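Biologist: Please take me through this model, one question at a time.

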Amino acid sequence: MNFYTLQRKLQEFELEIFTLNDILKISEQSRDVVKVKLSRFVKQEKIFRLKKGFYSLKKIEIKYQLQRIFNDTYVGLNSAMEYYGSTTQRFNNLDLITKKALNNQKIKDTEIQFHKVKKDFFFGYEKISVNKTQLLISSVEKTIIDCIYFSSKIYLTDIYDFIKMNKEKINNEILNIYLKKINSSTLNKRTGYLLELNGINLEGLKMNNKYEKLNKNLSNKGIKNQTWKLIINEDLENGEN
């Protein structure tokens, strides 16, 4: 199998990112032969090695495609908000939610940052196609929940703005289902409050009577919100704390 045959086959199967196993199926050649040929094509810069066992036919210019090479992950947090066009900021990193501990790493110019969650928190993602690459990304509803859950890493003002810009896309029923599945009183309080600020009301959220900080990164000085049992220690509408 020469390079032009490989190129034609990859284009035929719309594989912008491919694996060693993909080529084994396409070429029907032995593993050793395929490994030698792929190594040669990489040295000739006809294909690009992304990480062990993963290659691309062209340079990856859309970072979201890199999710494809990490099993049991999905695009989330700032990267999901950026994908949905709810921020003018452009980040050089790719945030991936994972259910196993992985070390952050760099692929070309993109910093891959992993954020571990428990297995029962790993849901709420959708399959999309970016530049002919199938990948997984959190839904709008799960993006909200994940960002609030990781609010030690995400600004609450950014989450507030994300909700504001995506009000028409948010499915209240799905949000309720997700929150009930997670079953966290603290998460329910913060999510309910942020949604209420944007005119979205969720009913039936379970909460305890303990007052907790809206922004866990700030002091406990603030007005007590009796409805959500929160200490409002940041003014999200005016960007003050």
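Biologist: Are Glu212 and Lys189 buried or exposed?

Modeller: This is a predicted model, in which local features need a pLDDT of at least 70 and side-chain atom pairs count only at pLDDT 80 or more, while totals for chains, interfaces and linings use all residues. Residues are numbered from 1 along each chain as its sequence is written, and side-chain values use heavy atoms, with hydrogens and water left out. Relative accessible area, computed with a 1.4 Å probe on protein chains only, sets the classes: under 20% is buried, over 50% is exposed, and in between is partly exposed. On that scale, Glu212 and Lys189 are both buried.

Biologist: How many residues apart in sequence are the parts that Glu212 and Lys189 tie together?

Modeller: The two side chains meet in a salt bridge at 2.8 Å, N to O; the term requires a side-chain nitrogen of Lys or Arg within 4 Å of a carboxyl oxygen of Asp or Glu. Helices (H or I, at least four residues) and strands (E, at least two) are DSSP runs, numbered from the N terminus. Because Glu212 lies in strand 10 (residues 212-213) and Lys189 in helix 8, the pair ties together parts whose separation in sequence is 23 residues.

Biologist: Which residue forms a salt bridge with Asp22?

Modeller: There are four salt bridges in the structure. In the one made by Asp22, the closest N and O atoms are 3.8 Å apart. The pair links distant parts of the chain, 46 residues apart: Asp22 is in helix 2, and its partner is in the loop between strand 3 (54-56) and strand 4 (73-75).

Biologist: What is the relative accessible area of Asp146?

Modeller: Asp146 meets Lys142 in a salt bridge of 2.8 Å, N to O. Since the two are four residues apart in helix 5 (residues 140-149), about one helical turn separates them. Lys142 counts as buried at 0% relative accessibility. Asp146 is buried too, with a relative accessible area of 0%.

Biologist: How many residues does the largest nonpolar core have?

Modeller: In soluble globular proteins, nonpolar side chains tend to be buried together. A nonpolar core here is a set of buried Ala, Val, Leu, Ile, Met, Phe, Trp, Tyr and Cys residues joined through side-chain atoms within 4.5 Å. Ile69, Ile112, Ile145, Ile159, Ile163 and Leu194 have the most contacts inside the largest one. Its residue count is 56.

Biologist: Which residue in the turn of the hairpin of strand 8 and strand 9 has a positive phi?

Modeller: Strand 8 (residues 125-130) and strand 9 (residues 133-138) pair in the antiparallel sense over six bridges; pairing requires DSSP to find at least two bridges between the strands. Lys127 stands opposite Leu136 in strand 9. Two residues lie between the strands of the hairpin, and the one with a positive phi, about 55 degrees, is Asn131.

Biologist: What is the phi of Glu28?

Modeller: Glu28 lies in the loop between helix 2 (20-27) and helix 3 (31-43). At 73% relative accessible area, Glu28 is exposed. Glu28 is not a glycine, yet its phi is positive, at about 60 degrees.
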